[in-house]
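Please find below my notes on the model.

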Amino acid sequence: MSDLGQLLRKARTEQNITLDQLQETTKIRKRYLEAIEEGKFNILPGTFYVRAFIKQYSEAVGLDPDEVFRLYAHVIPSADPEPAAEPIRMTRRRSVEPPERAGKWASALLMIAFPILIIGIVYYYLYSNWETRSEVLPSEPITDSSAQEQGTTLPPAADTAETPNEPAPAPVQTTEPEPEPDVTFVEKFKVNKNDVERFEVRNAPQVSIEVKVVGPEAWIGVTHADTKSKYLYQGGLKQGDTYSGQFGHNTYLNIGRANAVELKVNGIAIDMGTEPNPRKFQFELVGASDGAAAE
């Protein structure tokens, strides 16, 4: 152990400072502190760190670093001389055109080259078409005499007379669809103290009556609405029975038990209600003349 190391260790032990505590205080690794006490400076990273670590060690244990350096100048390695600054060599830089100037040159070249390119394309296109036409077209026009000499025949000239205009096709007449039959309630009036419900039947040439018995039984009677004297049909029907009739005149219908039947006139259902009372109906053709009945 060197004299410097003994001095530093003695000062540390007198201050009751362990190497671990000194390491925490100086932030110097413990193995470097031990190397300083043992005089093994070659373990430290370099001369600069030797002097710096000895200074920190001395200050941490209460010694004057300058006095330590003065007393043990022959032991502590001197600081490495600073390398001489290398003279700066002045080199002549090549002048570089600013990017803006180069961009202007490029734009100018493009403006000149673009029209030239367009002219070249047009010229090439026209020249190619001219050569193609010169190869296809004969050098001399072919006449009848030259065709005969060459043993060829010319096709007959096309008839240039204008063909008469063909008559335009007659417009197709579309027929409008026939309107659907309509059965509309108009009023209720009394005949011999009996209520009669009057319906108008439109868009139909006749009155078509369909009756289906859905209750136990029912009675129906059909007469001409103008006379109501002679029954065109009358009779009792049981459940499941049906009746249908077509009449080309105003028709009068009498049903003895209304809620027992289903009634349709020209395919349109008539509400029969829920009461078992008799109901009387008069169906009038609107826009059609009276004719013979067809059952």
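1. Buried means under 20% relative accessible area, exposed over 50%, and partly exposed in between, with a 1.4 Å probe and protein chains only. With these cut-offs Lys 193 is exposed, since its relative accessible area is 79%. This is a predicted model, in which local features need pLDDT of at least 70 and side-chain atom pairs count only at pLDDT 80 or more, while totals for chains, interfaces and linings use all residues. Residues are numbered from 1 along each chain as its sequence is written, and side-chain values use heavy atoms, with hydrogens and water left out.

2. Overall make-up. The protein has seven helices and ten strands; these are DSSP runs numbered from the N terminus, with helices (H or I) of at least four residues and strands (E) of at least two. Of the 295 residues, 27% are buried. The accessible surface comes to about 22300 Å², and carbon and sulfur atoms hold 53% of that (Shrake-Rupley method, 1.4 Å probe; for residues, only the protein chains shown count as cover). Among contacts (heavy atoms within 4.5 Å) with a separation of 6 or more, 60% join residues 24 or more positions apart.

3. The largest core. A nonpolar core is a set of buried Ala, Val, Leu, Ile, Met, Phe, Trp, Tyr and Cys residues joined through side-chain atoms within 4.5 Å. The largest one has 26 residues, and Leu 263, Phe 281 and Phe 283 have the most contacts inside it. Elements giving two or more residues to this core include strand S2 (194-202), strand S3 (207-213), strand S8 (261-265) and strand S10 (279-285). S3 gives the most, with four residues.

4. Phe 283 and the second core. Leaving out residues up to four places away in sequence, Phe 283 touches Phe 199, Val 201, Val 207, Asn 250, Thr 251, Leu 253, Leu 263 and Val 265. A second, separate core has 22 residues, including Leu 4, Leu 8, Leu 19 and Tyr 72.

5. Aromatic pairs. The structure holds nine of them. Rings of Phe, Tyr and Trp (its six-membered ring) pair if their centres lie within 6.5 Å; planes under 30 degrees apart count as stacked, over 60 as edge-to-face and the rest as tilted. Phe 48 and Tyr 49 are edge-to-face, at 5.5 Å centre to centre and 80 degrees between the planes. Phe 48 is exposed at 60% relative accessibility, whereas Tyr 49 is partly exposed at 40%. The pair of Trp 219 and Tyr 231 is also edge-to-face, because the planes stand at 90 degrees, with the centres 6.0 Å apart. Trp 219 is in strand S4 (residues 217-224) and Tyr 231 in strand S5 (residues 231-238), so this pair ties together parts twelve residues apart in sequence. Trp 219 is partly exposed at 31%, and Tyr 231 is partly exposed at 37%.

6. Ring cluster and a charge over a ring. Tyr 32, Phe 48, Tyr 49 and Phe 53 are linked into a cluster by ring pairs. Arg 51 lies over the face of Phe 69, 4.7 Å from the ring centre; the criterion is NZ of Lys or CZ of Arg within 6 Å of the ring centre and within 35 degrees of the ring normal.

7. Which residues other than glycine have a positive phi? Lys 193 has a phi of about 65 degrees and is found in the loop between strand S1 (182-191) and S2. Asn 266 has a phi near 55 degrees and lies in the loop between S8 and strand S9 (268-270). Lys 193 is exposed, whereas Asn 266 is buried, with a relative accessible area of 16%.
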